Protein chains: 4
Amino acid sequence: MSIQADGRCDVVRDDCAPNVADFPLVAAGAGVKPTVVNVRGVSIGDGTFNLIAGPCAVESREQLLRIAEVAADSGAKFLRGGAFKPRTSPYSFQGMGIEGLRILAEAARQFDLRIVTEVKDCESLPDVAEVADVLQVGSRNMQNFSLLEAVGRQRKPVLLKRGMGARLVELFMAAEYIVAQGNPNVILCERGIRTFETMTRNTFDVGAIAMMKHWTHLPVVADPSHGIGIPWAVPAMARAAVVCGADAVMVEVHDDPSHALSDGQQALTPQAYRALARELNDLSRWACLRHEQGR
Amino acid sequence: MSIQADGRCDVVRDDCAPNVADFPLVAAGAGVKPTVVNVRGVSIGDGTFNLIAGPCAVESREQLLRIAEVAADSGAKFLRGGAFKPRTSPYSFQGMGIEGLRILAEAARQFDLRIVTEVKDCESLPDVAEVADVLQVGSRNMQNFSLLEAVGRQRKPVLLKRGMGARLVELFMAAEYIVAQGNPNVILCERGIRTFETMTRNTFDVGAIAMMKHWTHLPVVADPSHGIGIPWAVPAMARAAVVCGADAVMVEVHDDPSHALSDGQQALTPQAYRALARELNDLSRWACLRHEQGR
Amino acid sequence: MSIQADGRCDVVRDDCAPNVADFPLVAAGAGVKPTVVNVRGVSIGDGTFNLIAGPCAVESREQLLRIAEVAADSGAKFLRGGAFKPRTSPYSFQGMGIEGLRILAEAARQFDLRIVTEVKDCESLPDVAEVADVLQVGSRNMQNFSLLEAVGRQRKPVLLKRGMGARLVELFMAAEYIVAQGNPNVILCERGIRTFETMTRNTFDVGAIAMMKHWTHLPVVADPSHGIGIPWAVPAMARAAVVCGADAVMVEVHDDPSHALSDGQQALTPQAYRALARELNDLSRWACLRHEQGR
Amino acid sequence: MSIQADGRCDVVRDDCAPNVADFPLVAAGAGVKPTVVNVRGVSIGDGTFNLIAGPCAVESREQLLRIAEVAADSGAKFLRGGAFKPRTSPYSFQGMGIEGLRILAEAARQFDLRIVTEVKDCESLPDVAEVADVLQVGSRNMQNFSLLEAVGRQRKPVLLKRGMGARLVELFMAAEYIVAQGNPNVILCERGIRTFETMTRNTFDVGAIAMMKHWTHLPVVADPSHGIGIPWAVPAMARAAVVCGADAVMVEVHDDPSHALSDGQQALTPQAYRALARELNDLSRWACLRHEQGR
């Protein structure tokens, strides 16, 4: 910030732009093609729109199969669900573990879905990577550099969630850790940041989606469920993500939110999810159309 | 936050909901109709979409007339522009003052635009209110309670900007100050909040737009220019605002951004503004259509 | 942030230092003497330590006289107390106004105390300035530039509180507004900033005290009562302020905290206040002694 | 926040207090004795004051031996130094690894110091635990729950640093993870939080020290070097920590800060460190004396 001789400009933001030399492998640039991540035949980052749906955590075989069916019926090609859950309290439900992975695999087979599930440490990585189609690295692990390197040394695509207090350049350097190890299939995920606001769980940062698309060549997924944390507000955030260029939207769906073992409060019911899926597909076509007219 | 006997739920957000008794006059509720603010024949809050465009500050008669013409040509019914500018530094350009108001009035007459301009203190309120169609109370004055009461004691509509570190309930109570004095014509404005991010000027909080529409009956305007502060990212933020239910979008337009006396870095060129105006009108029809189908 | 050829240093903070040209009149520098503010014979900023004590708000003549006696008995030379109270809600107690000022004047006369009281707008400035020895500009008004200019045009010393989301350079420029109008008697006040923490009312920023003393020549007052907001933690914060170089500490004292009309929760009882006063006087002598040995 | 019938109190903070049932094993309470961690004959948490000093990272045998001698000469019983360094960028210096541990061990033997060094993942835990006397879990790993459990399953004391955007209750629950696995020897560490301020590296939160001492029975260490990030301001922060009850202060010392491979900017020179050590020992006696008089 500086005062110029003629009294102009009390905010000079020439230095807003990140230094792309800090994240050379993931930075967008002239002649750099967007990364398209192929997940068992489904592409993320090629201009099409994708839905990722499912419960916060796998709770039982019956629960997951019911929700997976809802997800698939509404056009989602990806099923989300945690088997290993990082939790703030050691006394909270920590996930079904290996059994949860087995259930995910069954649901994926039955409904032709690709699995997005969290890997929370290097120890469980081999087990998780055997089942997962996309390995999610959670917000609290965005700067768990050993885990980043470990997922960088294998080949399954990685969904890297932004830390809740992270600057974007830190996210980009976290992605750089993965790619530098040899795995180019990284997908960035905006899931809301911590702010002073108490009326929402987090503050969903759509500007971050625009920045990720602009400064890197990686695909971007939005997670409005964690981003806002209130079911009736999830659809608005999801729409915002689509018109800001998100390649996919990931939403939590639960058919009995009030009895969910984790984060039930923010999950959509199957009915609300179906309505949102229709709406987002329609809106993504509008966005895509505009984009093509703009060329 | 609490741990339940069965280990469920590490985030319980039953208390996320604000206490509407804290802002009884502006709270939405059963049987409460949305406020529609009529500004010389143009309604804000009735389901139609409006554009507010213009420079950050009035800099000269020629500048304002040129930009006002651009604004009007692209369908804006409102002209923004500051004559009294609150500035972080006492040495920054403080606005043209009374002369700026005179120029605003001329431009408004010539292009049939309604004027949105900032009132920064009680002293200048009579002068500003004589010319303005909508009185803007800026972010730094959101909790200037004497000013809130003063604009509440007159009848011109008030555009109340959210403070850059304010919680939404504080914004709602600030609006309550105005309405409690007898002026029901309050419009809330999301203009970005301060966060840790350095890649953008502010973090544009679309979730706030959804919350304002849900918890109050007041119209909501989005200001993506301040919200993100980067011209190429303003259109994405504006689209996000529209699909989250904003009644109007206010954008800064300057035909020579690099020589602007205030905040030029974030202004759209006339060309970029025209493209955005077309896009937002189209998108708002899509949003409106969906809304009607949903009834 | 940048990566150097040899891989060193992921945080380069050469630009941490503020640009002192942004606040030339208040910046410390070679040959610039510290400002000593003389308040009816009592100096702030000359290396001695001062206490400012009193209730958040003047509530009645009896209340104020009782607390003023406690304050004076324990060595405070300044009495704080609000007559005009800016409040988040229009329905909260707004202070006793002119009647409150009259009571303050009486208490000050009776116990030979200097009055520190808030001025919340330009309208009431003449009335407040007639009674106050030090005019407090509150956190929410730190960037109420018209008020800053108004207190700059008169001669009573000004206690300028840091905004709860303000960067220090913004505080320094706010002080610059006052001094640029001709009033050099500005005292900076750290009163805590808003953070994510919910266990305390604010986060008391002792680092800010060190920065204020280092980068400006103005005296610095600490307000641990607002800073932490919990009575049992106020003494620790007050001690921290003293060892970081604060010229004075301002504490809220109430003899019936649970019935206070404003912020009673954070006030010290007279007994706790007396113990703190003794402790701080002792500690300030320790700090002063060290300082002199260091010369 | 609520408005009462009589207009009192716009901030009610009855719920400021954390729910101690969320961290039962580390919560303070009636009849619960403070935890005293014994580190090879030196106690932390018994009311005495300790210094932990050393470079950010082990850079060479010569460097570490020189600095270790300085540390020991001034009364530190603990030597800090990182061998495995988590870094924001994959291209920054990542520490000397096993070789660094070997050097730490030699320095510790030679100067009778106890080693505090970071463990950044479960993989390197056995190696680090073989050499370290205290295992540091860094800010970015505060919610790396697998690592917390791993250090909980072994017996070396753990220094748990607060995450830079963490709420204190989250820190307390992170400590609970460790203790719940069977390791009671946990030391909490305040190292500054991320705020909007740009003039300092972090905002050193002395209030957090007071809260940690009040709500848990664990010893507390302050890290003013990371906390403020500016060498000339480290002593003030260290003093503040002592008068707020910190059991130990950890400072970075480097004899050639401008050539440090990591965080050199915030390190004290040996000369500055020696002066600070004298001052803190003196101040801690003052604090201790006051404490005993208060009984």
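Copies are superposed by least squares on the C-alpha atoms of residues with pLDDT of at least 70 in both. With that in hand, here are some exercises on this predicted model.

**Exercise 1. Find the rotation that superposes chain B on chain A, and name the relation.**

Solution. Next, look for the C-alpha of chain B nearest the axis: it belongs to Ala240(B), 2.1 Å away. Finally, check the surfaces. Of the interface residues of chain B, 100% are also interface residues in chain A, so the copies meet through the same surface.

**Exercise 2. Describe the contact between chain C and chain D by its residues and its buried area.**

Solution. Count the residues first: 62 come from chain C and 62 from chain D. Then turn to area. The two chains bury about 5,500 Å² between them, and 60% of this is on carbon and sulfur atoms.

**Exercise 3. How many salt bridges link chain C and chain D, and which elements of chain C give two or more residues to the side that touches chain D?**

Solution. Begin with the charged pairs: the count is two salt bridges. One of them joins the side chains of Arg162(C) and Glu197(D), at 3.4 Å from N to O; the cut-off for such a pair is 4 Å. Polar contacts come next, and ten residue pairs across this interface qualify, both residues being at pLDDT 80 or more.

Now for the elements. On the side of chain C that touches chain D, two or more residues come from each of helix H5 (168–180), helix H6 (206–215), helix H8 (234–243) and helix H9 (270–294) of chain C. H6(C) gives the most, with six residues. To finish, sort this side of chain C by class: 33 residues are nonpolar, 16 polar and 13 charged.

How values were computed: Residues numbered from 1 in each chain as written. Chains lettered and ligands numbered in written order. Heavy atoms only, no water. Contact = heavy atoms within 4.5 Å. Buried area = accessible area lost by both parts, 1.4 Å probe. Polar contact = N/O pair within 3.5 Å; in protein donor to acceptor, adjacent residues only side chain to side chain. Helix = DSSP H or I, 4+ residues; strand = E, 2+ residues; numbered from the N terminus. Nonpolar A, V, L, I, M, F, W, Y, C, P; charged D, E, K, R; others polar.
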